[in-house]
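Biologist: I am new to reading protein models. Can we take one feature at a time?

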Amino acid sequence: MSSNLPPTVEKLLTALDCMLVDGFDIQDKTLLEKLLTSLQDADDLLKSVPINTHCKWFASVLNLYRNKTPVSRNALIHLYAFSLKYLAILVKHADGLVTLIETGTLQSMINQLDVGSDLKESSIFNAYMSLLQTLNTHKQGLEYVFQEGLWKMILFAIRGLIVPAKYVEIQSSQYIADLIYKSFDYEMAHYCEPLLKELFYSLNSTDELITNHQDIKHFFAYNVYVKTLILSLEKFIGTKYESDVVQNIINKFSLSDVLENIQRLLNVNSILLKNYMTLHLIFDCLTVWHHSDLEYVLKLIFSHMNMPKNIHSYKQINNLYTQAIKYANISNAQLGTNTIFEKELIIGQLIPLNKCTDWLQCSKYEKLKYDRSCIIESKYILNYCNNYDYMLNEVAISSILNIVDIVHVLKQVTLDYLIIFFSTLTEQFLNSDNWLEEHQDQNSIYYKFLEILSCIFICWAKVIECKSFTEITTQNVLFLPLVQSHSQFFHKSCHNSTLLQNGLKLISTALNKMSKGNVLCTDNLADFSTLCTTLNNLLLDTRPEIRDSCLQCIRSIVNASKHSSGNCFIKLILEKNMSTIVINTLKHDSDPFVRSKALECLEEMVSVSDIWEMSLKDSDLLTHCLNLMQCESEGIIRRQIVKLITALFVNNELRYVILYLYNRNNLFSAYYILKNKIIDYRIVYSIINDKINAG
């Protein structure tokens, strides 16, 4: 291409020239990606390449691509995709963009794209999206996109479903949303008007869809347009542009008309229901919430939930409550700080779960009295569930998982409510004798509730992680029943692995969350003793994932014992001989990940002086670990052994450890310690000299 250039430039140009050789094909396409990655921050290198050299190379790529044959087609598709990504790197700065526009190179590369054929190739589509996204990063690039109408190709691809793939739908919608937001960010909203006009025209063109409502393909395409508008408007929630968006998008293009049109479409096809509800929620958030009182906003949200005609429809939109909480926290200071608003919505979200508990007939407990909104009784879902419907389990599970997604933004008072709710519900279920029956019918209510219970454990653990326990009484009132009600349940080892794992993680999370000095189990040693016995038994379970989770729980108990009031845990660990059981797991378990977890557990144990002195000091733990270092093939175990030995030296008397090795003539182990710099060699010399002088 050129000469008298720096060596690095020459290497780059040589690589680019190689790609133009007839029949050249790189089998490992990741090499091309690595080259592109290395050029991302190589601005000085790329500026050293004469612009006419770049232009000639791109022209050669276009010539090859236009004249591709069936034989060369595959290789040239990858070459063209590479060239588009390379072009994206060159236009990321305004000066590079201007130069490539002036030479006509940028237009030529883009004009070559054919929506009907090229965008079907995922590599080309992704490369083109990369180019467009790069242009969005600065004002000149954004201006070029609008002037040339480059966004049209994306909308056309959606409209014609030319590329019926999920990744096209997602990337296209996200790009359009980002483009609209950037136009406001760069004070270029007026440039966006043709795009918005095209988008809203497509959303208002519903007559043909109603006439040909059996053509599902066009409904899918229409749904992508709705999703695109949702993503676009979501970006503005809580930003300084909210009022401008209401004026320049919602009012100007009459979003209310779009909602009416979608509602008409729902009469012939319910596929649009979920996105319709979300779009309506955003519309309300931006136009109504700011100047409405709490009661009106809640009634508005609950009224939307009256739309579903059956439980199948309700399942699609039962995340509306949690979406409303997210939008309120982002956008509306008045609603976002109102604890009643959030709790009302959480109660609404839990209605399917509450309905499931209505069927639990427990021998020792009355039917759970669950909360309803103090503003409006939400009877919609209750009306669907007069008789048990298999869908209700799925709806209840999705309701719980919807809460999991927003736990991190919930207020402490809402977390308190959830903890008490889960405690009451599980205590009612776990203390019943019904689930202890040996042969449960898979269609029985109790069997089905076990599926829900697994998700409750997940949500409960997440809530505990996010909860701030400031009062000792609150923490123990919530924590002790958790241990009491779960010990017997975990003992029934025939439960599926996921259920047991999630339950053990819940206990472990609760133990880890206990504040220092707030461990009060003196009056409840029997319950914790039962838990420890259960954990010891579960270490014999045939499923490695259960043994792993069990060890994590034991580790949490040991960690809790380090606190100032943790003597009761130390007493239990010693009484139940848990350290020996964990060592046996390290020695004999067949699963390397379980043995690694056992080492993690022992690492915690050696850092507790009482456990070390009374249980581990006279064991062969250290010798066994050092021997393992010589013969263990699993790297995960060797690394964990080093951590354990380090913890041992940090938390216990160093001189004792070396003497321990010396007295057992384990000089190889002492040498290993020195070689790996686990301990200062001067300590070893001092101990040995003391030993010699004493002898």
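Biologist: Leaving aside neighbours within four places in sequence, which residues is I456 in contact with?

Modeller: This is a predicted model, so keep that in mind. I456 is in contact with L353, I400, F422, L425, T426 and F449. It also belongs to the largest nonpolar core, which has 164 residues. I456 is among those that touch the most other members, along with W57, Y86, L279, W289 and L353.

Biologist: What is the secondary structure of the protein, and how many of each element?

Modeller: There are 40 helices and 0 strands. Of the 695 residues, 53% count as buried.

Biologist: How are two packed helices described?

Modeller: Give the angle between their axes and the distance between the axes. Now take α14 (residues 216-234) and α16 (residues 255-266). Their angle is about 145°, and their axes are 13 Å apart. The crossing is left-handed. From α14, the contact uses F219, Y222, V226, L229 and L233. From α16 come L255, I262 and L265. The contact has 8 nonpolar residues, no polar and no charged.

Biologist: What should the 14 residues of α30 span?

Modeller: At 1.5 Å a residue, 20 Å. The end C-alpha atoms of α30 are 20 Å apart, so the two agree.

Notes: Residues are numbered from 1 along each chain as its sequence is written. This is a predicted model: local features need pLDDT of at least 70, side-chain atom pairs count only at pLDDT 80 or more; totals for chains, interfaces and linings use all residues. Side-chain values use heavy atoms; hydrogens and water are left out. Axes are lines fitted to C-alpha atoms, for helices over the stretch in contact, and angles run from 0 to 180 degrees between N-to-C directions. Helices (H or I, at least four residues) and strands (E, at least two) are DSSP runs, numbered from the N terminus. A crossing is left-handed if the near helix is turned anticlockwise from the far one by less than a right angle, and right-handed if clockwise. Contact means heavy atoms within 4.5 Å. Ala, Val, Leu, Ile, Met, Phe, Trp, Tyr, Cys and Pro count as nonpolar, Asp, Glu, Lys and Arg as charged, and the others, Gly among them, as polar. A nonpolar core is a set of buried Ala, Val, Leu, Ile, Met, Phe, Trp, Tyr and Cys residues joined through side-chain atoms within 4.5 Å. Buried means under 20% relative accessible area, exposed over 50%, partly exposed in between (1.4 Å probe, protein chains only). The expected span of a helix is 1.5 Å times one less than its number of residues.
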